[in-house]
Structure formats: structure tokens, C-alpha cells
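Me: I have a model open and some questions about how its parts pack. Can we go through them one by one?

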Amino acid sequence: LEKAAGARLDGMTLVVDCANGAASAPAPALYERLGATVHAIHASPDGRNINVDCGALHPEVAGRIVLELGADAGVSHDGDADRALFTDHRGRVVDGDQVLAACAIALKEDGALPGDAVVTTVMANLGFHRAMLDAGIAVTATKVGDRYVLEEMVELGATVGGEQSGHLIFLDHATTGDGLLTAVRFLSLAARSGRTVADLAGLMRRYPQVTENVRVRSLRELDGSTDVWDIVGAVEEQLADTGRVLVRASGTEPLVRVMVEAESEEVAARHAETIAGAVRRHLGA
């Protein structure tokens, strides 16, 4: 992991939320070995407190400590340490889309992005797609799940991919997602380029994203529900190129997930409720 760093982290002050899980010992030690000053939080697992009100499920917790200490950035791992989300020096959350965008752009600039391609999922923010288009990077989107991202990466020969949740895969260094590796790659990119985490996050504009989950009587009815898809089509027509709609069946529960992105949260919420309402009327349990 130390060798995977593109630069040392000397002079960088980090708040590291270990989620009382697998990252509790190795994450602070790794970042300190790379030269960072580390303030570790939630690094005392007792077998019951893993992920409880901390870590990547609650990155705003690290963000508050970053502001209190005047730190450069926060790193939030999850319990099994395969994810990493970040907060910038202003305490603002930086998600996996923004991290993936920054890393992909840097690799392309270095001539180290095979096929100038990156793999993500259908949940990737519209802003990610636009940032990649502007950078001349081809995007392949898979079903939600890191296993699908990995399968597509292997198929395409891509070396970088990931999810909005902070689960990134760097195939040049590991065969699966590793939150510590993600943090090392992203933070050392900031150090090497002389930019802040906020600067790197700003390479991608994140569009407001609103999600509604609707319980239904049968997921099988979704595909054939013309009443629902007519509403989806009407919303997509209204949004045109200023937003995006994704309606999909959950893979684990009898839920239809409705996601809308738009230029404002108000617009996204209104359209999401319109579609969710149609799902409730025609498919609701």
C-alpha cells in the first residue's frame, strides 16, 4: 500500500474515521508512514460498535472534526475497509464519483489509463459522465455492485473503476476494492499535484440526486407497466440534457428505486415524487 502512493503525504493533516472496524489499526499507521499527521477516530472496535454512527456510512462525522481541528481532509472507511469517502478542508463530503473522476483524469494525463476507459455503475452522477466526456475518457456503466464493475473491467482491460459509495478498484495494484488503497491513491494525487482535496473534487460538478424507494407487490410487473414508463418518459423529456432518471428494481427487496438528478434539488425531488407516485398507484403493495 505504501508503495502504491504517488507521493508522500508530508505536511498533510488528516482525520481518519476507522468505523470501529478493520481499518482501525492499519489505516492510521499507513498514513503516518507516508508522512501525514493523523487524528484517528472510531478506532476502538469492541465487536459491537462497528459502523455505528461513524465511518463511510456517516462521512459528515469526520467532516465536523476536520473543521474543528483545521485539518486538510477527512478519510472515512467502512467496517470491512473496502470503501473510502473523503471530506475536504471545508468539511464537505467527497464521494466515490468525484474520487474516481479525479484519479481517472490524472491517469489519462500521465498516459497510464488503458484505452482511456473507466468503469462505473448506473448510479454514477450525471456530473461524472460529463467530466469524463470533457476529459476524453470513455465510460462503461454496469449494474450496481462492485462484482459487476470488476467483471466489466476485466472484460474491457480497464484498470480503474468504482462506485459512488466509495468502493474503487485499482487493478494495477489489487484485484478487488481496498479503501486504504483508494485513500493512498487519492491523497497522494493531491500531494503530488499540489492541489487540495477540494480542488480534486471540483474536477467534477455533482448534480443533486434524489432517490425514492417504493414498496411494490411484484418486481416482475415493473418492466411491463406502460403507465409507469410513460411517466418516466415524460419526465425525461422535461429534463432533456439537464438531468437524468433511473428506475430499477432492487436486487434484494420488493422495492422499485427511483433516482432523479437535476440542476437543483427542488427540481430533482419534484420529478422523483412524480415517478414514485406513479409506481405506488400502479404497482404499490
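Predicted model: local features only at pLDDT ≥ 70, side-chain atom pairs only at ≥ 80, totals over all residues.

Me: How many residues lie between β11 and β12 in their hairpin?

Reply: The two strands run antiparallel. They form a hairpin, and the residues between β11 and β12 number five.

Me: Which residue stands opposite Arg257 of β12?

Reply: Look to β11, which is joined to β12 by six bridges. The residue opposite Arg257 is Arg248.

Me: Which residue stands opposite Leu255 in β12?

Reply: Turn to β10 (residues 209-215), which runs antiparallel to β12 and is joined to it by seven bridges. The residue opposite Leu255 is Arg215.

Me: How many residues of β12 are buried?

Reply: Take the two faces in turn. On one side, Leu255, Arg257, Met259 and Glu261 are buried. On the other, Val256, Val258 and Val260 are buried too. For β12 (residues 255-261), the count is seven of seven.

Me: Are α8 and α9 roughly parallel or antiparallel to each other?

Reply: Helix α8 (residues 226-239) packs on helix α9 (residues 265-283) with the axes 9 Å apart. Their angle is about 170°. Angles over 145 degrees count as roughly antiparallel. The helices are therefore roughly antiparallel.

Me: How many nonpolar residues are in the contact of α8 with α9?

Reply: From α8 come residues including Val228, Ile231 and Val232, and from α9 Ile275, Ala278 and Val279 are among them. The contact also has four polar residues and one charged residue. The nonpolar count is 10.

Key
Residues numbered from 1 in each chain as written. Heavy atoms only, no water. Axes fitted to C-alpha atoms, helices over the stretch in contact; angles between N-to-C directions. Helix = DSSP H or I, 4+ residues; strand = E, 2+ residues; numbered from the N terminus. Parallel < 35°, antiparallel > 145°, perpendicular 65-115°, else oblique. Contact = heavy atoms within 4.5 Å. Nonpolar A, V, L, I, M, F, W, Y, C, P; charged D, E, K, R; others polar. Buried < 20%, exposed > 50% of the residue type's maximum accessible area, 1.4 Å probe, protein only. Pairing = 2+ DSSP bridges.
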